[in-house]
Amino acid sequence: MKIIRAKDYNDMSRKAANIISAQVIMKPDCVLGLATGSTPIGAYAELVSQYERGDLDFSQVTTINLDEYKGLTKENDQSYFYFMNEHLFSKVNVNKERTFLPDGTEPDSAKACGDYNQIIADVGGADLQLLGLGHNGHIGFNEPADSFAPKTHCVDLTESTIKANQRFFASIDEVPKQAYTMGVGTIMKAKRILVVVSGADKAQIVKDAFFGPITPRVPASVLQLHRNVTVVADEAALSLVK
Ligand code: F6R
């Protein structure tokens, strides 16, 4: 595991974007595994700038996102479909037909998950998987559990995650209680993994996940077993590790 220390959020975002753009330059038809949440927003903005400057071409890129809320329409501004369009897809020349997320509008969980597993298999998995880190160590929506989930599945979100997401909704009742997420097994099959972390509120989980025991109680701890993980974290997030 390689840990890159960034000065602050902006520095973290630039460094992460440079790793993603290097991937696209080296393999223009690569598969990017993408994440939502607040942490990668700056990196997406930087990728958009690089595209606008003519330094980056997404025309052959395929994307597979980690997760999507179950029950939110694509037009809902809190859906991850909406988020990805807002922050990246509508601002670069990616072929929209080649951008994939689990279908949150599919009420049949087995079908939604089976279809997404098939899509991931068809595109050959991620060359580079971008991840944020939840306060409880979740990756995607793989919450602390007794075992690591292999493939895409429907999860009941924990109370802490529902609370953390509350800021995006008018009331706690509107926060979705379930989501479809790529499994830890699929994440671990990515050729390369890039984790972005920012802020003092993530310092404890950075220490637990990357320097503590490997356990499904801290899902991100499994990343210690992957042979090509880069963590780009700012000084605040790294404040509890040497
Ligand atoms: C998002 C996702 C989540 C977030 C995590 C951190 O697609 O899968 O695991 O990466 O909740 O979120 P932020 O970046 O908002 O702290």
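Predicted model: local features only at pLDDT ≥ 70, side-chain atom pairs only at ≥ 80, totals over all residues.

User: What covers the buried residues of helix 1?

Analyst: The cover includes strand 1 (2-6), strand 2, helix 2, strand 6, strand 9 and strand 10. Buried means under 20% relative accessible area, exposed over 50% and partly exposed in between, with a 1.4 Å probe and protein chains only. Helices (H or I, at least four residues) and strands (E, at least two) are DSSP runs numbered from the N terminus.

User: OK. Which residues of helix 1 are buried?

Analyst: Asp11, Met12, Ser13, Ala16, Ala17, Ile19, Ile20, Ser21, Gln23 and Val24. An α-helix has 3.6 residues a turn, so residues three or four places apart point the same way.

User: How far apart are the end C-alpha atoms of helix 1?

Analyst: They are 26 Å apart, which agrees with the 26 Å that its 18 residues should span at 1.5 Å a residue. The expected span is 1.5 Å times one less than the number of residues.

User: And what span should helix 2 have?

Analyst: Its 12 residues should span 16 Å; the end C-alpha atoms are 17 Å apart, which agrees. Gly54 follows helix 2 and has a positive phi, near 85°.

User: What do the buried residues of helix 2 pack against?

Analyst: Helix 1, strand 2, helix 3 and strand 6. The buried residues of helix 2 are Gly42, Ala43, Tyr44, Glu46, Leu47, Val48 and Gln50.

User: Cores next. Which residues of the largest nonpolar core touch the most other members?

Analyst: Leu32, Phe58 and Leu88, out of 39 residues. A nonpolar core is a set of buried Ala, Val, Leu, Ile, Met, Phe, Trp, Tyr and Cys residues joined through side-chain atoms within 4.5 Å. The largest share of this core, 6 residues, comes from helix 1. There is also a second, separate core of 33 residues, which includes Ala35, Phe100, Val206 and Leu223.

User: What does Leu32 touch?

Analyst: Beyond four places in sequence, its contacts (heavy atoms within 4.5 Å) are Ile20, Gln23, Val24, Phe58, Val61, Thr62, Thr63, Ile64 and Leu128.

User: Is Phe100 buried or exposed?

Analyst: Phe100 is buried, at a relative accessible area of 17%. It lies in strand 5 (residues 99-100).

User: Where is Thr230 found?

Analyst: In strand 10 (residues 229-234). Thr230 is buried, with a relative accessible area of 4%.

User: Now the pocket. How much space lies in the largest pocket?

Analyst: About 740 Å³. On a 1 Å grid over the protein atoms alone, a pocket is an open set of points where a 1.4 Å probe fits, with protein on both sides within 12 Å along at least five of seven lines; lining residues have an atom within 4 Å of a point.

User: Which residues lie nearest its centre?

Analyst: Thr36, Gly37, Ser38, Asn165 and Arg167, among 36 lining residues. Helix 3 gives the largest share of the lining, 5 residues.

Technical notes: Residues numbered from 1 in each chain as written. Heavy atoms only, no water. Points joined across faces, edges and corners; volume = space filled by probe spheres on them.
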